[in-house]
Amino acid sequence: MDLEGIVSRALAAFRAARDVPSLENAKARFLGKGGELAAFRPSGSPEERRAQGAKFNAAKQTIEDALETRRKELAREKLNARLAEEALDVTLPARGRTRGSVHPVIRTWQRIEAIWRTLGFEVADGPEIETDWYSFTALNNPENHPARSMQDTFYVDLKDAGGIPLNLRPHTSPMQVRYARMHSPPIKVIAPGRTYRVDSDATHSPMFHQVECLWIDEDISFADLKGVYTEFLRRFFENDELEVRFRPSYFPFTEPSAEIDMKLKGRWLEISGSGQVHPAVVKNFGLDPERYIGFAFGSGLERLTMLRHGIDDLRLFFDGDLRFLAQFP
Ligand code: PHE
């Protein structure tokens, strides 16, 4: 057995190894169970065997030492490379201050507030953690109503909530009830804000924004909804010819209910849920449904923003990628 040959091949292999994995491979080739040294079998007379054994041990020691040395070298090289890479040049000039900008969805929020204020609506704000009653029951969604599970809702488990079931509001509609219970008619309000649903893909985000609108008085009709919503869309999209249509739909808290569509580049796109507020809900406002009537709608702010700017993936809003955000200076 050519021990010297093995030693010199091992040393060369270790030197050639440029990183830890290749060094460990080389180690296995020479020192491993199936490696070159493991094949060693002493032979001949007892003296000869003893002499061979001593040479074998010396060779093995040399290889192990070389391995250890190379390991340390590689570790030092890695550290040096990292130090060089992460070096802090204190002589570099400062980057200066750059100006941030308002997020496109928040800009939509601001535009919406401005437009509805000029149409004579108040702006209200309310909690994102809601009670079951405001999110569902008060809105005519009884306990086992299918619409209740339709909204895949985040439920909140709060120990000190006194046993009151809580959720992250799946829509801004609870604000109809909150606001109406604290104000007397005429009620003209919008309530923009964050909403939450268990949903995530190119057109759904678990957190998104809606704007709720409620107009209640003694004589508010669907015609008022049509007029005021069309006016809003035309101003929002800066297009006086924008076409709007109302399509029958279903929500437990409105009767009749309608989906509002707008026409964009020859296509009808759904933009809002709406309807005449259900008498049971007017009652939960603390008002007499025989006397008071009106409408409500809820529109998605992300959707309005996407249509206005031709954005096709909702996730862009929440990735925090400056290449996207910087396009809204
Ligand atoms: N809350 C409904 C939704 O999230 C929208 C809506 C609001 C419908 C008000 C009618 C009236 O889909």
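Reader: Where is proline 256 found?
Author: In this predicted model, proline 256 is found in strand E8, which covers residues 254-264.

Reader: What makes the peptide bond from glutamate 255 to proline 256 cis?
Author: Its omega is near 0 degrees, and the bond is cis.

Reader: Happy to move on to phi. What stands out about asparagine 140?
Author: Asparagine 140 is not a glycine, yet its phi is positive, at about 70 degrees. Most residues other than glycine have a negative phi. You will find asparagine 140 in the loop between helix H5 (132-135) and helix H6 (146-150).

Reader: Why is asparagine 140 called partly exposed?
Author: Buried means under 20% relative accessible area and exposed means over 50%. Asparagine 140 has 25% relative accessibility, so it counts as partly exposed.

Reader: And what is the phi of glutamate 238?
Author: Glutamate 238 has a positive phi of about 50 degrees, although it is not a glycine. Its place is the loop between helix H8 (222-236) and strand E7 (244-251).

Reader: How do you know whether glutamate 238 is buried or exposed?
Author: We set its relative accessible area, 59%, against the cut-off of over 50% for exposed. Glutamate 238 is therefore exposed.

How values were computed: Residues are numbered from 1 along each chain as its sequence is written. This is a predicted model: local features need pLDDT of at least 70, side-chain atom pairs count only at pLDDT 80 or more; totals for chains, interfaces and linings use all residues. Side-chain values use heavy atoms; hydrogens and water are left out. Helices (H or I, at least four residues) and strands (E, at least two) are DSSP runs, numbered from the N terminus. Buried means under 20% relative accessible area, exposed over 50%, partly exposed in between (1.4 Å probe, protein chains only).
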